[in-house]
Amino acid sequence: MNRFALPLGIFTLLVVLLAIGLSLDPREVPSPFIGKPTPVFSLPALYQPDQQFSPQQLEGKVWLFNVWASWCVSCRQEHPLLMQLSKQNLVPIYGLNYKDESNDAKQWLQQWGNPYQLSAHDLTGSVGIDWGVYGVPETFVVDKAGVVRHKHIGPVTVDALENELLPLVKKLQAEG
Amino acid sequence: MNIKFYSLLFIGLLVLSGKLFAGVEIQRFENAQQQQQYKKLIDELRCLVCQNQNLADSDAELAQDLRKKVADMIVSNKSEDEIIDYMVARYGDFVLYRPPFKLQTLLLWLGPFLILVVAVLVLVKNIRAQQAKEKITVASAQKEKARQILEQKEGEK
């Protein structure tokens with residue numbers, strides 16, 4: 001009996017460790033921005049290129065910052081959910097149109113609907129780099145003080161929206 | 001005819017293979033030191049899109065952008081540390097292929113040595129046990145021999 005205790009113990013430990021490893025998502029790299037002020041930028045708005053958008057303009061509001069592009073396949077996946085969210089008027093969604101031609105982007109919004117209050121047009125992707133974007137779509141939650149509180153990587157799912165994003169938004173909106 | 005065909009095919013593939021290496025764009029620097037610095041940095045920085053490649057190996061768009069960023073920063077005389085800090089500030093420690101030594105990564109750095117120490121301890125213990133067992137068997141073998149000799153002597157009497 002004792003002879004088997006050690007190998008069995010090691011085996012069980014290995015199974016547990018591997019199971020934990022399998023359940024982790026290596027693509028979810030923790031963002032160094034959580035708890036820090038939003039990176040500063042100023043970009044032309046997609047529909048009014050002469051109007052500059054910068055996150056400072058939204059101080060005092062809780063808002064979602066959704067990074068999207070017309071060439072991004074998974075953006076299509078989360079899009080109906082964003083449309084639905086924008087109709088509910090729970091939280092304003094601002095977009096970062098990442099490395100996209102302005103005409104392609106506009107056409108995409110026309111075809112599938114525009115859930116954004118405004119999309120900042122980041123043609124070169126430099127603002128994307130400043131926000132640590134590496135896998136479009138990404139969604140940031142920014143609080144009233146302009147601090148990044150959460151980052152969702154990949155398409156927003158119903159589960160993520162209802163269990164992570166919206167509860168956090170409600171909590172932040174209740175904050176002073 | 002067959003050999004001719006295959007050698008032509010081989011030469012053709014050889015010529016075309018050059019194209020495969022043309023993926024990485026060429027950055028121009030003022031001096032060899034900058035070139036070297038660039039090479040070192042893109043070897044050490046991870047591409048976040050295809051996570052098991054560094055910036056030098058990856059052909060992802062983000063990797064291209066980040067290579068360009070590194071090149072720009074080198075040309076504007078930023079130090080290596082400044083460039084690394086810039087990347088870590090945006091993408092976290094994960095962007096470094098060589099993780100920094102700190103409390104969170106203690107197990108990562110020291111884990112292999114810990115396993116080595118445990119392995120050596122187990123090995124020593126096993127060898128000792130083996131030696132002790134051998135001693136006993138040797139001793140009992142000698143006893144057996146002694147008994148035989150004694151018995152023999154008894155018989156001779």
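**Entry 1. Charged pairs in chain B**

I looked up Glu151(B) and found that, at 46% relative accessibility, Glu151(B) counts as partly exposed (buried is under 20% relative accessible area, exposed over 50%, partly exposed in between, with a 1.4 Å probe and protein chains only). The model is predicted: local features need pLDDT of at least 70, side-chain atom pairs count only at pLDDT 80 or more, and totals for chains, interfaces and linings use all residues. Residues are numbered from 1 along each chain as its sequence is written, chains are lettered from A and ligands numbered from 1 in the order in which they are written, and side-chain values use heavy atoms, with hydrogens and water left out.

I then noted the partner of Glu151(B): Arg147(B) forms a salt bridge with Glu151(B), with the closest N and O atoms 2.8 Å apart (a salt bridge is a side-chain nitrogen of Lys or Arg within 4 Å of a carboxyl oxygen of Asp or Glu). Arg147(B) counts as partly exposed at 41% relative accessibility. Both residues lie in helix α5 (residues 106-156) of chain B, 4 residues apart, about one turn of the helix. Helices (H or I, at least four residues) and strands (E, at least two) are DSSP runs, numbered from the N terminus.

I found the salt bridge of Asp43(B) with Lys39(B), where the closest N and O atoms are 2.8 Å apart. Asp43(B) and Lys39(B) both lie in helix α2 (residues 32-44) of chain B, 4 residues apart, about one turn of the helix. Asp43(B) is partly exposed, with a relative accessible area of 31%; Lys39(B) counts as partly exposed at 48%.

**Entry 2. Charged pairs elsewhere**

Over all chains, I recorded a count of 13 salt bridges. In chain A, Asp143(A) forms a salt bridge with Arg149(A), the closest N and O atoms being 2.7 Å apart. I noted that Asp143(A) is buried at a relative accessible area of 6%, whereas Arg149(A) counts as partly exposed at 28%.

**Entry 3. The interface**

I counted 14 residues of chain A in contact with 14 residues of chain B (contact means heavy atoms within 4.5 Å). The chains bury about 1,200 Å² between them, 53% of it on carbon and sulfur atoms; buried area is the accessible area (1.4 Å probe) that two parts lose on being put together, summed over both. Val29(A), Ile129(A) and Tyr134(A) supply 43% of the area that chain A buries against chain B, more than any other three residues.

Between chain A and chain B I recorded 3 salt bridges. Glu61(B) and Lys99(A) meet through their side chains in a salt bridge (3.0 Å, N to O). Lys99(A), Glu61(B) and Asp65(B) are linked in a network of salt bridges.

**Entry 4. The sheet of chain A**

I traced an open sheet of 5 strands in chain A, with the order β5-β4-β3-β6-β7 and mixed pairing; two strands pair if DSSP finds at least two bridges between them. β5 (118-122) and β7 (148-153) of chain A stand at the edges, each with a single partner strand, so one side of each is left without a neighbour in the sheet. Neighbouring strands of this sheet are turned by 20 degrees against each other on average, direction ignored. Axes are lines fitted to C-alpha atoms, for helices over the stretch in contact, and angles run from 0 to 180 degrees between N-to-C directions.

Strand β4 (residues 93-98) of chain A is joined to β5(A) by 5 bridges, and the two run parallel. In β5(A), I found Asp122(A) as the bridge partner of Tyr98(A). Helix α2 (residues 73-88) of chain A packs on the sheet, touching β3 (63-68), β4 and β6 (138-142) of chain A, and its direction makes about 155 degrees with that of β3(A). Helix α5 (residues 158-174) of chain A also packs on the sheet, touching β3, β6 and β7 of chain A, with its direction at about 165 degrees to that of β7(A).

**Entry 5. Strand β6(A)**

I checked burial in β6(A): 5 of its 5 residues are buried. Glu138(A), Phe140(A) and Val142(A) lie on one side, and Thr139(A) and Val141(A) on the other. β3(A) and β6(A) run antiparallel, joined by 5 bridges, and Asn66(A) has Thr139(A) as its bridge partner in β6(A).
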